[in-house]
Amino acid sequence: MVKNSKRKTINTIIAREEFCIGCRLCEIACITAHSKTKNIIKAFKGEYPLPDSAIVFEEKGHISFALQCRHCDDALCVECCITGAMTKKDGKVIYRKELCVGCWMCVMVCSFGVISPDITASKIKSKCDFCLETGKPACVEICPNEALVLKEDNEQD
Amino acid sequence: MNRTDYLIIGNSVCGVNAIEGIREYDPKGEILVLSDEPFENYSRPLISYYLGGKISQQQTRFRDESFYSDMKAQLLVNNPAVFLDCRNHEIKVSKGRKIRYKKLLIATGAKPWIPAIDGFANHLEGIFTFYSMNDAISLAQYIQSLNPHNCVILGAGLIGLKAAEGLLMRKIPVTIVEMADRILPNTMDVKGSEIFQSYLVRHNSAFMKNDTIVKIESKDKRIKRVILKSGKKIETECLIVAVGVRPNTSIVAESSILVKRGIIVDNKLNTSVPDIFAAGDVTESPDFFENKHALIPIWPVAAKTGKIAGANMTGQEISYTGLYPMNSIQIFGLPAISFGITNPQPQNFEILEKYQPENNFYRKCVLRDDRIVGCILIGNINRAGIYNLLIREKISVAAFKKDLLEESFGFLMLPKEVRKHIVVGESMEV
């Protein structure tokens, strides 16, 4: 449905709600991975402010799942960014905070609703960078029940 | 005589996306871009941020400095196209110089419309439009040197209100004159207009609705006073005319290209003349809801059509499925997003709305046949893009109508099959 004619993306994070146990460890892992120390205890005990998690977590009753940026091929957030803060780099949608003015065009067009605005700061709260530093998304790594999995080499034309 | 494979007239968001669209399919063909402005790259919506002193002129760029060299595109600034010779595939630029193209894209955008006002003259000091970087620079310089005690803005649309915000940030009180009976008449419904008006009044702006400027009085070649239709007089040394924009079609005026209000294009962004494409604000492009053409001068349309036109110039056959108006506006910290048909005649539509004045929360969905065709979100804009998705994909909301206005609206409210289809994507197994 929300896909593009050319799908070049390699590595996509897939959310499987049947397997999500609602533990929200993905959010903890995301915050830790983007903290200064990258250490869960040091980060949560000693860092202020902590980065926001880039995950939008939905939960109602016993159903839950975690969503993060899909890094769309023809990303609307990149197309509609009026400053160039949202940009495509090596197939991933990267957010350059320093360029952002908080116009919310990306919030308007993100089909997955995973770009959360920080209205007071006029910036995006947090944007999934696919853990480019390590190459392994921390949310997928930590998920205890494979509710977040990495689908690789999904190349089709 | 210069020759190029691809010639693009216009270097704003549409032209820039066309460059990217071309390069996605043709890494080598020569690209030449003509701009009638002196700047290499700037983002029009950022001029209000510049006026308000939030960013520098350098920060109005929306592509990196290496963009044109990375894209192997040659940009000629200060080079307006002056004549189009369709038959010979030629564009004349200044000084009689000609450029021959294989494929041409007209992405000349729009220009501010200035209504006839008694006493208006181009040479008068203190009258501005608010559309280009040059407009913003001259306005900022004028304000700095003269420090006017107020400013009158004609037009309470998005451009007028963003100009107002920029001025208010420079501590200049504004009076906004609007012909309609409410502000933001094209973007908002009545309730939305009221919310924004009361918010702006608290921030030092005054509004004169159901009114317009009929006369400008000047002294020593500078504006001194405006006289309104109602008879009111406002002393001012600064007037911004922001009543709207019109497609900038002058380059095709003497050609055989079909033009109504804008250049008419088909869903591949072809004009009526072979090898000539047009995109963005200059065009009337296929409408999303109706089988007709529409003028939708907004960034998302310019970007999307520019990108598709660029690709199709290389021989692709990508279809543009049409878009609808969509706007994101934040004024003094109050965010709002609107999509599609926001203020319809109620008889043919179902309207759902929720308003909580105490926290500036307003949400409205306009439905037709159980599909969302329009939406307004004020105050809380979280996950606005999901509404956009529901509109674009024409998804029936019958099963979750009661949840549409919830602050916490999300995919969980959608039926499981729909949700999985969207979130996971039909081509991926679970």
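**Note on a predicted two-chain model**

1. **Domains 2 and 3 of chain B.** Eleven residues of domain 2 and ten residues of domain 3 make up the contact. The model is a predicted one.

2. Domain 2 and domain 3 of chain B bury about 830 Å² between them. Carbon and sulfur atoms carry 61% of this area. On the domain 2 side, B:Asp189, B:Lys191 and B:Ile195 lose the most area to domain 3. Together these residues give 55% of what that side buries.

3. **Polar links between the two domains.** The count of residue pairs in polar contact between domain 2 and domain 3 of chain B is four, both residues being at pLDDT 80 or more. The side of domain 2 that touches domain 3 has five nonpolar, two polar and four charged residues. One salt bridge crosses this interface.

4. **The pair B:Asp189 and B:Lys364.** The side chains of B:Lys364 and B:Asp189 form a salt bridge, at 3.0 Å from N to O. The pair ties together distant parts of the chain, 175 residues apart. B:Lys364 sits in strand β24 (residues 361-368) of chain B. B:Asp189 is in the loop between β10 (174-177) and α6 (190-201) of chain B. Are these two residues buried or exposed? Both B:Lys364 and B:Asp189 are buried.

5. **Helix α8 of chain B.** This helix covers residues 384-392. Eight of its nine residues are buried, so the rest of the structure largely encloses it. Among the buried residues are B:Ala384, B:Ile386, B:Tyr387 and B:Leu390. B:Arg392 is partly exposed, at 22% relative accessibility. B:Arg392 forms a salt bridge with B:Glu393, with the closest N and O atoms 3.7 Å apart. B:Glu393 is partly exposed too, with a relative accessible area of 27%. After the helix comes B:Lys394, whose phi is positive, near 50°.

6. **The interface of the two chains.** How many residues of chain A are in contact with chain B? The number is 47, and they meet 50 residues of chain B. The two chains bury about 4,100 Å² between them, 57% of it on carbon and sulfur atoms.

7. Six salt bridges are counted between chain A and chain B. One salt bridge joins B:Asp64 and A:Arg96, at 3.1 Å from N to O. On the chain A side, the elements giving two or more residues are β1 (12-15), β2 (56-60), β3 (63-67), α3 (76-80) and α4 (105-109). The residues of that side divide into 23 nonpolar, nine polar and 15 charged.

8. **Salt bridges overall.** The structure holds 29 salt bridges over all chains. In chain A, the side chains of A:Lys38 and A:Glu133 form a salt bridge, at 3.9 Å from N to O. The two residues are 95 residues apart. A:Lys38 is in the loop between α1 and α2, and A:Glu133 in the loop between β7 (123-124) and α5 (138-142) of chain A. A:Lys38 is partly exposed, with a relative accessible area of 42%. A:Glu133 is exposed, at 71%.

9. **Backbone points to check by eye.** Most residues other than glycine have a negative phi, and most peptide bonds are trans. A:Lys38 has a positive phi of about 60° although it is not a glycine. B:His89 has a positive phi of about 55°, and is not a glycine either. B:His89 lies in the loop between β4 (81-85) and β5 (90-93) of chain B. B:His89 is partly exposed, at 23% relative accessibility. The peptide bond from A:Tyr48 to A:Pro49 is cis, with omega near -5°. A:Pro49 lies in the loop between α2 (40-46) and β2 of chain A.

10. **A buried loop residue.** B:Asn79 is in the loop between β3 (73-76) and β4 of chain B. B:Asn79 counts as buried because its relative accessibility is 12%, under the 20% cut-off. Which residues does B:Asn79 contact, leaving aside its neighbours within four places in sequence? They are B:Leu34, B:Ser35, B:Asp36, B:Val93 and B:Ser94.

Conventions. Residues are numbered from 1 along each chain as its sequence is written. Chains are lettered from A and ligands numbered from 1 in the order in which they are written. This is a predicted model: local features need pLDDT of at least 70, side-chain atom pairs count only at pLDDT 80 or more; totals for chains, interfaces and linings use all residues. Side-chain values use heavy atoms; hydrogens and water are left out. Contact means heavy atoms within 4.5 Å. Buried area is the accessible area (1.4 Å probe) that two parts lose on being put together, summed over both. A salt bridge is a side-chain nitrogen of Lys or Arg within 4 Å of a carboxyl oxygen of Asp or Glu. Helices (H or I, at least four residues) and strands (E, at least two) are DSSP runs, numbered from the N terminus. Ala, Val, Leu, Ile, Met, Phe, Trp, Tyr, Cys and Pro count as nonpolar, Asp, Glu, Lys and Arg as charged, and the others, Gly among them, as polar. Buried means under 20% relative accessible area, exposed over 50%, partly exposed in between (1.4 Å probe, protein chains only). A polar contact is a pair of N or O atoms within 3.5 Å; within protein, one must be able to donate a hydrogen and the other to accept it, and residues adjacent in sequence count only if both atoms are side-chain atoms.
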